[in-house]
Amino acid sequence: MKKQKIIMGCVALLALSGCNAKDTVYTHTDTAMGTIINQTIYGKEDVTKDVLSVITDLEEDMLSWRVENSEISQINASAGLEDGVVLSASMQEYLTTILDVAEKSEGNFDPTIGKITRLWNIDEQNTVIPEQSKINELLPDVGYQKLTLSSGRLYLPENSSLDFGAVGKGIACDSIYELLADSENVSGGVVSVGGSIVTYGEKPDHSNWNVAITHPREESSYLGSVSVPGGTFLSTSGDYERYVEVDGVRYHHPLHPPESRCSDRRENGGQTETGNRFRRLRRKQNRHRQRPQSGNRSALRHRGDKGDVP
């Protein structure tokens, strides 16, 4: 028996109150990057459409390998070319940080798993669990160390393919923060891009922003909540967001690059490595305003009848 389920949005923005006469609260819910986008913005101007545009532009112009003319698709098409490919300034910055994270994680995060991601195809309706032999055929093409980034050009080895699925929503949150910070008519806001959240500024009553963590096994209920100040980036991940179940085994979307296997969780409660998702990217350090630091981290863990869920 095969069962498939995709759940979008593993966090919720708790009800906010206390809006004063000077600011209006603007809320908006939509979809982008294959997930749900929730916005609550305080200010004198409705910028929710601008926030959504930032996300969709990133997805379509730069980050989605599914979009033929996106920059990452052009990069993948350049694999094996002697002259490499010229990167935009933004892509060069993203890749510099991505490769740094890959090195510091000792390859547990690796952007070169594009072909493995497409082999698993975990987001589609008819996912087929790939044979290990098929995975082994593609493993020689995986390895961030094989990339060369020099003078604004990227040299991608033949048969290699990039996938920024693990960092795309973090890049979006960083861009959202910049948009809100650049708007003189926004005093505060909280935006969730699926399981990645960014807070900016203050609520009218100067209290912290409250983010609820969805319960991994009980739909429409919360495991707990996190109270955070403005300038916080928070991410969650677990086996209840996107997964397939085949013969009582749940396979979920984080891939472990060394073996390029999806994490799995069995119905008998066996534990499995789920892997952390790297979503927060450090941006320019020489901006004219002080940027929030990327070191803040909060975590909730749930131990249920199906093992640990981060």
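Residues are numbered from 1 along each chain as its sequence is written, and side-chain values use heavy atoms, with hydrogens and water left out. Because the model is predicted, local features need pLDDT of at least 70 and side-chain atom pairs count only at pLDDT 80 or more, whereas totals for chains, interfaces and linings use all residues.

Helices (H or I, at least four residues) and strands (E, at least two) are DSSP runs, numbered from the N terminus. Strand E4 (residues 35-43) is largely enclosed by the rest of the structure, because seven of its nine residues are buried, that is, under 20% relative accessible area with a 1.4 Å probe and protein chains only. Strands pair if DSSP finds at least two bridges between them; E4 runs antiparallel to strand E3 (residues 24-32), to which nine bridges join it, and antiparallel to strand E8 (residues 186-193), through seven bridges. Asn 38 in E4 stands opposite Thr 29 and also opposite Ser 192 in E8. The hairpin of E3 and E4 has two residues between the strands, and Met 33 takes a positive phi near 55° there.

A nonpolar core is a set of buried Ala, Val, Leu, Ile, Met, Phe, Trp, Tyr and Cys residues joined through side-chain atoms within 4.5 Å. The largest has 44 residues, of which Ile 55, Leu 58, Leu 162 and Phe 164 touch the most other members. Among the elements that give two or more residues to this core are E4, helix H1 (48-63), helix H6 (168-182) and E8. A second, separate core of eleven residues includes Ile 135, Leu 138, Val 246 and Tyr 251.

How values were computed. Buried means under 20% relative accessible area, exposed over 50%, partly exposed in between (1.4 Å probe, protein chains only).
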